[in-house]
Amino acid sequence: MSIKADINWIKSELDKVNDPDLISAFKSLLHYQERNSRLSAFAEERIHYAKQSEADFEEGKTYSPEEALDKLTKRLKK
């Protein structure tokens with residue numbers, strides 16, 4: 001069965017459900033999926049950032065702690 005067919009079947013079956021506990025369980029599953037989707041996007045963003053940071057480090061694009069503090073202080077004063 002294709003995903004589209006599965007979705008259509010689930011929709012037709014949900015129209016028949018009158019059990020509040022079952023509806024609540026479906027809502028929980030959908031909220032779980034939504035939350036995991038957002039977490040996955042966040043994780044991918046962090047992985048990209050970490051890889052970019054590693055590349056910057058390997059290319060010598062680094063600052064001493066003093067330089068970093070100075071840059072941060074100047075940025076915060078803007």
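# Notebook: helices, salt bridges and a nonpolar patch

**Entry 1. A pair inside H2.** I began with Glu 34 and Arg 38, which both sit in helix H2, four residues apart, or about one turn of the helix. An α-helix has 3.6 residues a turn, so residues three or four places apart point the same way. I then looked up the contact itself: Glu 34 and Arg 38 form a salt bridge, with 3.9 Å between the closest N and O atoms. The cut-off for a salt bridge is 4 Å, so I kept this pair. Is Glu 34 buried, partly exposed or exposed? Glu 34 has 42% relative accessibility and counts as partly exposed. Arg 38 is exposed, with a relative accessible area of 54%.

**Entry 2. What kind of model this is.** I noted that the model is predicted. The mean pLDDT of the protein is 90, and 99% of the residues reach 70 or more. I also looked up the elements: H1 has the highest mean pLDDT, at 92, and H2 has the lowest, at 89. I wrote down one reminder. Where pLDDT is low, the predicted coordinates should not be read in detail.

**Entry 3. The other salt bridges I looked up.** How many salt bridges does the structure hold? It holds five. One of them joins Asp 70 and Lys 74, with the closest N and O atoms 3.2 Å apart. Asp 70 and Lys 74 both belong to helix H3 (residues 65-77), where they are four residues apart, about one turn of the helix. Asp 70 is partly exposed, at 38% relative accessibility. Lys 74 is exposed, with a relative accessible area of 52%. I also found a salt bridge between the side chains of Lys 16 and Glu 13, at 3.1 Å from N to O. Here Lys 16 is exposed, with a relative accessible area of 57%, and Glu 13 is partly exposed, at 29%.

**Entry 4. The length and ends of H2.** I went back to H2, which covers residues 20-58 and has 39 residues. From its first C-alpha to its last, H2 reaches 57 Å, close to the 57 Å expected at 1.5 Å a residue. Which residue caps the N-terminal end of H2? Asp 19 does, with a side-chain oxygen 2.9 Å from the backbone nitrogen of Asp 21.

**Entry 5. H3.** How many of the 13 residues of H3 are buried? The count is zero, and H3 is hardly covered. Buried means under 20% relative accessible area, so the 38% of Asp 70 and the 52% of Lys 74 are both above that cut-off.

**Entry 6. A nonpolar patch.** On the surface I found a nonpolar patch formed by Trp 9, Ile 10, Leu 14, Leu 22, Ile 23, Phe 26 and Leu 29. Together they have about 600 Å² of accessible area. Which helices each supply at least two residues of the patch? They are H1 (3-14) and H2. H2 gives the most, with four residues. Phe 26 lies in H2 and is partly exposed, at 31% relative accessibility. A patch residue needs over 30% relative accessible area, so Phe 26, at 31%, passes that cut-off. Leu 29 also lies in H2 and is exposed, with a relative accessible area of 53%.

Entry 7. I finished with two C-alpha separations. Phe 26 and Ile 3 are 23 residues apart along the chain, and their C-alpha atoms are 18 Å apart. Tyr 63 and Ile 23 are 40 residues apart in sequence and 55 Å apart in space, C-alpha to C-alpha. Where is Tyr 63 found? It is in the loop between H2 and H3. Tyr 63 is exposed, with a relative accessible area of 53%.

Methods:
Residues are numbered from 1 along each chain as its sequence is written. This is a predicted model: local features need pLDDT of at least 70, side-chain atom pairs count only at pLDDT 80 or more; totals for chains, interfaces and linings use all residues. Side-chain values use heavy atoms; hydrogens and water are left out. The expected span of a helix is 1.5 Å times one less than its number of residues. A polar contact is a pair of N or O atoms within 3.5 Å; within protein, one must be able to donate a hydrogen and the other to accept it, and residues adjacent in sequence count only if both atoms are side-chain atoms. Buried means under 20% relative accessible area, exposed over 50%, partly exposed in between (1.4 Å probe, protein chains only). Patches are made of residues with over 30% relative accessible area and no salt bridge: like charges are joined within 9 Å, nonpolar side chains (Val, Leu, Ile, Met, Phe, Trp, Tyr) within 5 Å. Accessible areas come from the Shrake-Rupley method with a 1.4 Å probe; for residues, only the protein chains shown count as cover. pLDDT is the predictor's confidence in each residue, from 0 to 100.
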